[in-house]
Amino acid sequence: MSERLRTDALHLGVIALLVVLFLTLPTYYAGNLSRIMVLAIYAIGYNLLFGYTGLLSLGHAMFFAAGMYGYGLTAQLAGWPALPAFALGILAGAALGLVVGALALRTAGVAFMIVTLMFAQSAYLTILYFGTWTRGDEGFVVPGVARVVLGIDLSGETERFVAALILFSLVLLVSGRLVRSRLGRTLVAIRENEERTRMLGYDATRLKLIAITVSAALSGLAGAAYALLFGYVGASFAAVPYSIFPLLWVLLGGAGTTVGPLIGVFFMFYLIDTASGITLAYMLIAGLALVLLTLFAPQGIAGLVRRRVRWLP
Amino acid sequence: MASVTSRPILETRGLTKLYGGLAANTDVDFQLPAGRITALIGPNGAGKSTFVGMVTGRIPATRGQVIFEGRDISALPAHARIGLGMAYTFQITSIFPGLDVRENVALAARRKTDGAHLGAKVGAALARVGLADRADAVAGDLSYGHQRLLEIAMGLAQDPKLFILDEPTQGLAESEVAGFVALIRDLAGETTILLIEHNMDVVMQAADHIVVLDQGMVLASGEPQAIRADRAVQAAYLGTADA
């Protein structure tokens with residue numbers, strides 16, 4: 001019980017810190033916070049599969065895009081209002097996760113990585129193929145009416161921050177409970193020793209499918225939230241980089257920790273931001289920093305902390 | 001406590017495994033009496049591990065039936081068979097090395113135990129094997145002998161009706177083997193134990209009943225004394241040609 005309280009307290013502390021940052025930082029940085037939180041939801045979804053279940057997907061962009069297009073296309077083409085379209089985005093992510101998971105889980109290890117990568121490429125090419133409706137690479141701007149929730153226009157800076165904070169807080173708190181639950185602990189067992197888990201009587205294949213579906217639903221939620229809050233839908237969010245980013249964020253922040261994803265997104269965001277202020281070859285600096293961090297902190301930033309604070313969820 | 005009865009808890013009929021043209025097990029008809037300690041022995045390559053692999057479902061059988069408590073479980077996947085009340089410890093130590101000892105046992109117990117009783121259950125299983133004071137240690141940091149004991153605790157925490165131990169004393173020191181035999185004897189009557197074992201001293205001390213496999217077939221079965229005196233068994237172990 002005290003473990004659960006500690007976890008909740010830590011997460012509430014993180015949320016409070018985000019509020020303080022928003023209120024005290026200059027507008028430019030405060031504005032970035034909304035984007036960071038939405039991407040952190042994506043990273044939390046990815047971490048559930050990679051960090052907790054031990055499955056490395058190279059195709060999560062398809063789930064992010066499923067949420068983004070599930071929301072964006074129903075708003076754009078069918079004129080759905082924000083909330084139903086948003087819910088459909090989450091559902092699209094989950095459904096795609098269920099289908100792709102059922103097929104991809106017939107493989108393991110490197111084959112699983114390749115299969116997820118291929119599915120994601122197919123999804124990306126599908127978006128380009130149906131360019132008449134999706135506007136392909138160019139993308140489209142979400143109609144203003146679909147960005148109004150309960151009479152509040154989410155395109156304003158403060159409204160956007162509050163919406164992102166609510167979503168992120170929910171996801172963080174729920175993920176904290178989830179990884180401590182019976183399901184979460186069994187997923188960790190699968191990561192640690194799948195054969196042993198199976199021979200303790202757990203249906204590992206079914207549990208992995210659940211993990212992919214939940215992970216994809218969270219990724220879809222992040223994709224839909226991105227389109228909802230920033231008003232743009234485009235095929236670049238379905239491309240390979242958006243499958244690699246969550247892996248990097250999670251590795252940097254600390255795989256298998258609940259706060260690692262947020263830390264990773266934060267770190268990476270400001271690493272690129274700072275580096276691009278210094279030189280045009282900013283990716284060179286970013287790359288170097290990543291190499292150093294991987295060399296000296298292979299467990300990620302939160303992983304380093306966990307060495308001292310063993311209870312870190 | 002389950003009473004010692006003659007009704008078999010586990011039965012196989014015509015269980016066969018072919019690897020290509022090579023027969024690892026041929027038509028094994030096997031009956032495991034409930035509530036007792038049965039040892040499955042046989043020379044290297046006799047097909048012992050393949051046999052228990054087919055019983056637990058880890059290895060798909062080429063043909064034949066596995067019957068557990070009167071129910072044909074031949075079509076069930078491994079996890080479902082475990083769910084029916086089998087527990088299995090691997091020949092090569094298989095634990096969750098990155099998790100602490102308590103969580104290792106909790107994972108074994110959690111499938112059948114609710115949260116309120118979990119702590120007591122885990123504590124009892126650990127106390128039973130003598131690891132109560134190591135509950136907070138990381139499992140991978142335990143000595144090899146302790147890891148083997150941890151596996152047994154993980155088996156016990158599942159309250160198995162049938163506990164299959166695949167070469168549990170392999171790699172243990174003499175003193176640890178003695179402790180292990182005492183532990184196994186202590187479990188007699190509580191559950192049915194199928195022991196796959198190389199060490200004949202352990203078999204003779206621990207088992208009530210012995211089944212001998214040779215070249216994938218049941219060569220003999222009976223009380224330890226009878227098996228010890230069996231000429232065919234001696235021949236199989238000593239390699240004489242008149243068996």
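## Basis of the model

Residues are numbered from 1 along each chain as its sequence is written, while chains are lettered from A and ligands numbered from 1 in the order in which they are written. Because the model is predicted, local features need pLDDT of at least 70 and side-chain atom pairs count only at pLDDT 80 or more, whereas totals for chains, interfaces and linings use all residues.

## Two packed helices in chain A

Helices (H or I, at least four residues) and strands (E, at least two) are DSSP runs, numbered from the N terminus. In chain A, helix α11 (residues 241-253) packs against helix α14 (residues 300-308) at an angle of about 25°, and their axes are 3 Å apart. Axes are lines fitted to C-alpha atoms, for helices over the stretch in contact, and angles run from 0 to 180 degrees between N-to-C directions. The helices α11(A) and α14(A) are therefore roughly parallel to each other (angles under 35 degrees count as roughly parallel, over 145 as roughly antiparallel, 65 to 115 as roughly perpendicular and the rest as oblique).

The residues A:L251, A:L252 and A:G253 of α11(A) meet A:G300, A:I301 and A:A302 of α14(A). In α14(A), the buried residues are A:G300, A:A302 and A:G303. These residues cover an arc of only 105° around the axis, which puts them on the same side of α14(A); the arc is that of the directions from the helix axis to the C-beta atoms. A residue is buried if 20 or more other C-beta atoms lie within 10 Å of its own, exposed if 12 or fewer, and partly exposed in between, with C-beta atoms placed from the backbone.

## A buried arginine

A:R160 belongs to helix α7 (residues 157-180) of chain A. This residue is buried, with 24 other C-beta atoms within 10 Å. Leaving aside neighbours within four places in sequence, A:R160 is in contact with A:S34, A:L154, A:S155 and A:L229 (contact requires that the C-beta atoms of two residues, placed from the backbone, lie within 7 Å).

## Two sheets in chain B

In chain B, six strands form an open sheet with mixed pairing, in the order β6-β7-β8-β3-β9-β10. Two strands pair if DSSP finds at least two bridges between them. At the edges stand β6 and β10 (217-222) of chain B, each with a single partner strand, so one side of each is left without a neighbour in the sheet. From one strand to the next, the twist averages 15°. Strand β6 (residues 86-89) of chain B has B:M86 and B:Y88 pointing one way and B:A87 and B:T89 the other way, and all are buried. Four bridges join β6(B) in parallel to strand β7 (residues 162-166) of chain B, where B:L165 is the bridge partner of B:T89.

A further open sheet of chain B has four strands in the order β2-β1-β4-β5, with antiparallel pairing. Its edge strands are β2 (22-33) and β5 (71-72) of chain B. Eight bridges join β2(B) to strand β1 (residues 8-19) of chain B, and B:P8 stands opposite B:P33 in β2(B).

## Contact between the chains

Chain B has 14 residues in contact with 14 residues of chain A. On the side of chain B that touches chain A, α2 (78-83) and α3 (101-110) of chain B each supply at least two residues, and α2(B) gives the most, with four residues.
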